[in-house]
Amino acid sequence: MLSKKLLINSISFKMTSTEIALLLNNDSEKIIRIGEIIGKKIEKRDCFEKLNEFEKTFIYIDIFENHTTDGGFKAFFWDSAGKFSHEILEAYERIGAYKTASIIYDAFLLFKEIPIPKDLDLRRSILSNFKSDVWNTLDQEFYDCSDNVVLLILEFVRGNNSYFD
């Protein structure tokens, strides 16, 4: 009978960077590390041509989470990230965060124009006509949302890990 050590040494283990990241103890650290891995493929801000659809899903959610945490929906739509509104909505649906996706869609309805303009100046022109408190309810719904986005995105990565790295 082979010893464990000999057996382990005789099998070649080749893990991807993403698989290694998924072994980290803290979920936040896993998200950060996976974002760093994907980020190496992004040559220029907001240019995701080198990413596959699975990596884009991760990045779109990361973009939205960062913008809304720092300033809510208004900040998200006001910044260049707002041009990815529809891709972000699809990303949340793809990972199964349907309550969050519904809140994002409700934000779209405030524009009274779909699709949300990708042009920054046009989007800002529309936003400047909104009362500042129009976002408060949506921001609160988003912060209170029961979707566990961290868990859902990590499950998405695990279930599709052959598309990462």
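How are α4 and α8 oriented to each other? Before the answer, some background. This is a predicted model, in which local features need pLDDT of at least 70, side-chain atom pairs count only at pLDDT 80 or more, and totals for chains, interfaces and linings use all residues. Residues are numbered from 1 along each chain as its sequence is written, and side-chain values use heavy atoms, with hydrogens and water left out.

Start with the whole chain. It has nine helices and zero strands. Here helices (H or I, at least four residues) and strands (E, at least two) are DSSP runs, numbered from the N terminus. The C-alpha atoms fill a box of roughly 75 × 35 × 20 Å along the principal axes. Of the 165 residues, 38% count as buried, meaning under 20% relative accessible area with a 1.4 Å probe, protein chains only.

Now turn to the helix pair. Two packed helices are described by the angle between their axes and the distance between the axes. Helix α4 spans residues 53-78, and helix α8 spans residues 136-144. They pack at an angle of about 135 degrees, with axes 11 Å apart. α4 and α8 are therefore oblique to each other. Angles under 35 degrees count as roughly parallel, over 145 as roughly antiparallel, 65 to 115 as roughly perpendicular, and the rest as oblique.

Which residues of α4 and α8 make the contact? From α4 come F64, E65, T68, G72 and F73. From α8 come L138, D139, F142 and Y143. Contact means heavy atoms within 4.5 Å. These residues divide into five nonpolar, two polar and two charged. Ala, Val, Leu, Ile, Met, Phe, Trp, Tyr, Cys and Pro count as nonpolar, Asp, Glu, Lys and Arg as charged, and the others, Gly among them, as polar.

Definitions and conventions
Axes are lines fitted to C-alpha atoms, for helices over the stretch in contact, and angles run from 0 to 180 degrees between N-to-C directions. Buried means under 20% relative accessible area, exposed over 50%, partly exposed in between (1.4 Å probe, protein chains only).
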